[in-house]
Amino acid sequence: MSSNNSNIINRLPKVIQPAARFVRHQEQAAGLSTSRFVQDVTTCLIPKVVFSRSLADLSENTFLEVSEEALIYFVPAILGEKIARNIFSRKLPNNLKAEVATPAVEMLKKKNSKEILPVKAAIALTAMAIPLTEFCLNYIKNLMTLKVFKKSDFKNIASLEKSEENTEHQKKVEKSAKRHIGAAASLYAGCLGLAALIASKGKNSKVLQKVSQFVLAPGSAMFKKNNKAKNFFNKYFSMDFNNQNGRLVLSKGQLTNCVLIGGLGYFGASSDRGKENLKETATRFPLVGLYVITGSELVEKGFRKLLQKGGKCKDLIGKDLSVPKFDELGDLAKKLAKERKTDFDKEYTSLAKQKIMISGLPYIFAIGVMGFFVAGMTNYFTRKRYENAQKEKAQNINL
């Protein structure tokens with residue numbers, strides 16, 4: 001009997017088998033773009049479907065969630081790994097091509113960094129298409145709603161009122177969207193031009209070497225002695241890709257760029273459609289943005305610390321807060337059963353329950369708090385702000 005065989009789950013009590021399969025599937029899907037894409041879109045979209053205020057509102061949320069998740073799970077592998085890497089690393093010696101996946105902070109310590117850093121920087125600059133597309137999505141959404149539903153006034157889109165659309169306002173929203181999308185396209189053209197220059201001349205240019213380092217490891221470029229600042233900026237502001245078994249995948253720094261640059265588009269497109277939309281964005285974005293960048297990681301680590309301090313899940317949570325994967329539980333159950341002279345099924349069931357608790361509660365927090373609570377809260381406060389503004393307006397008229 002293979003302890004990694006999924007059939008072992010059938011030996012668990014039937015009441016916990018669905019949860020066990022779900023947790024196991026989450027871990028298996030970590031490296032599978034399609035599975036994670038479907039899972040995350042469903043998780044993020046369901047709360048917004050429940051709280052949708054009109055067909056236009058539902059269409060906008062569906063468009064944004066599907067587009068944003070596609071950017072994260074598909075574009076990095078296609079643009080970074082398949083296209084940019086092949087283009088910019090083709091002139092590297094065969095023995096150095098694999099080094100392109102090495103993180104820049106590690107590459108800086110190597111003798112051949114001057115040859116590889118410009119290539120990595122060029123690839124990273126090409127990937128600026130990801131945050132710049134994120135910036136454009138909300139403007140594209142405005143154009144889509146204007147074209148399909150003939151609406152540009154957020155009060156009508158959110159069903160706060162049913163008023164006649166202002167033609168001049170619609171033209172203003174359309175013009176702004178096209179202008180900002182054009183600006184993003186021009187900026188990306190500049191990134192591609194810089195990428196080509198760095199890739200071709202960077203090896204022998206001290207200036208371009210410094211530019212490459214700033215792109216890939218801004219903390220190392222700006223802070224020589226302050227390790228905390230250096231590590232922080234390298235983690236959250238680097239445009240370098242992560243290395244996953246020699247393949248280029250989205251990094252924490254690229255994700256931060258998506259949130260920050262995308263946020264500019266989020267606020268700008270919201271402002272175009274009225275103060276009600278802007279205020280709703282100001283309520284939602286800081287919570288969601290912070291959670292996307294650091295929140296999910298902090299929630300998982302925080303929950304594990306609480307369990308560790310409470311003496312729970314001792315068999316799974318390590319001193320460094322690491323937790324074995326579900327497919328490793330069978331081997332661990334065998335080991336514990338042998339050491340404790342107990343039954344395998346008893347130990348495996350205990351480990352499975354602990355694993356479900358460790359993995360399940362952060363997931364419930366994500367969909368419950370960051371999904372349903374944030375969606376419901378922002379909709380509620382938008383409605384309240386509008387009603388209070390209308391009451392104040394009526395009182396001023398009566399005066």
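View 1. The model shown here is predicted. Cys313 has a relative accessibility of 8%, so it counts as buried. The cut-off for buried is under 20% relative accessible area. Cys313 sits in the loop between helix H15 (275-309) and helix H16 (329-340). Look at its backbone too. Phi of Cys313 is positive, about 55 degrees, although the residue is not a glycine. Most residues other than glycine have a negative phi.

**View 2. Asn245, an exposed loop residue.** Here is another backbone to inspect. Asn245 has a positive phi, near 55 degrees, and is a residue other than glycine. Its place is the loop between strand E1 (242-244) and strand E2 (247-249). Is Asn245 buried or exposed? Asn245 reaches 79% relative accessibility, so it counts as exposed. The cut-off for exposed is over 50%.

**View 3. The whole chain, for orientation.** The protein has 399 residues, and buried residues make up 45% of them. Its secondary structure comes to 17 helices and 2 strands. The C-alpha trace spans about 85 × 60 × 40 Å along its principal axes. By the salt-bridge rule, the count is 14.

**View 4. Glu65 and Lys48, a salt bridge between two helices.** Glu65 forms a salt bridge with Lys48. The closest N and O atoms are 2.6 Å apart. Glu65 belongs to helix H3 (residues 55-73), and Lys48 belongs to helix H2. The two residues are 17 apart, and the pair links distant parts of the chain. Lys48 is at 22%, so it counts as partly exposed.

View 5. Helix H2 covers residues 33-50 and includes Ile46. Val41 lies in helix H2 as well. Val41 has 11% relative accessibility and therefore counts as buried. Ile46 has 38% relative accessibility and therefore counts as partly exposed.

**View 6. A nonpolar patch on the surface.** Which residues form the patch? They are Ile46, Val50 and Phe51. Together they have about 240 Å² of accessible area. Ile46 is the partly exposed residue of the previous view, at 38% relative accessibility.

**View 7. Helices H4 and H7, packed obliquely.** Helix H4 (residues 75-88) packs with helix H7 (residues 113-126). Their axes are 9 Å apart and meet at an angle of about 135 degrees. That angle makes H4 oblique to H7.

**View 8. Leu79 in helix H4.** Leu79 is part of helix H4. At 15% relative accessibility, Leu79 counts as buried. Leu79 and Ala129 are 50 residues apart in sequence. In space, their C-alpha atoms are 8.7 Å apart.

View 9. Glu81 forms a salt bridge with Arg85, and the closest N and O atoms are 3.2 Å apart.

View 10. Lys178 forms a salt bridge with Glu174. Their closest N and O atoms are 2.9 Å apart. Both residues lie in helix H10 (residues 167-201). They are 4 residues apart, about one turn of the helix. Glu174 has a relative accessible area of 31%, so it is partly exposed.

**View 11. A network of salt bridges.** Which residues are linked in this network? Arg53, Asp57, Glu280 and Arg284 are the members.

Conventions: Residues are numbered from 1 along each chain as its sequence is written. This is a predicted model: local features need pLDDT of at least 70, side-chain atom pairs count only at pLDDT 80 or more; totals for chains, interfaces and linings use all residues. Side-chain values use heavy atoms; hydrogens and water are left out. Patches are made of residues with over 30% relative accessible area and no salt bridge: like charges are joined within 9 Å, nonpolar side chains (Val, Leu, Ile, Met, Phe, Trp, Tyr) within 5 Å. Accessible areas come from the Shrake-Rupley method with a 1.4 Å probe; for residues, only the protein chains shown count as cover. A salt bridge is a side-chain nitrogen of Lys or Arg within 4 Å of a carboxyl oxygen of Asp or Glu. Buried means under 20% relative accessible area, exposed over 50%, partly exposed in between (1.4 Å probe, protein chains only). Axes are lines fitted to C-alpha atoms, for helices over the stretch in contact, and angles run from 0 to 180 degrees between N-to-C directions. Angles under 35 degrees count as roughly parallel, over 145 as roughly antiparallel, 65 to 115 as roughly perpendicular and the rest as oblique.
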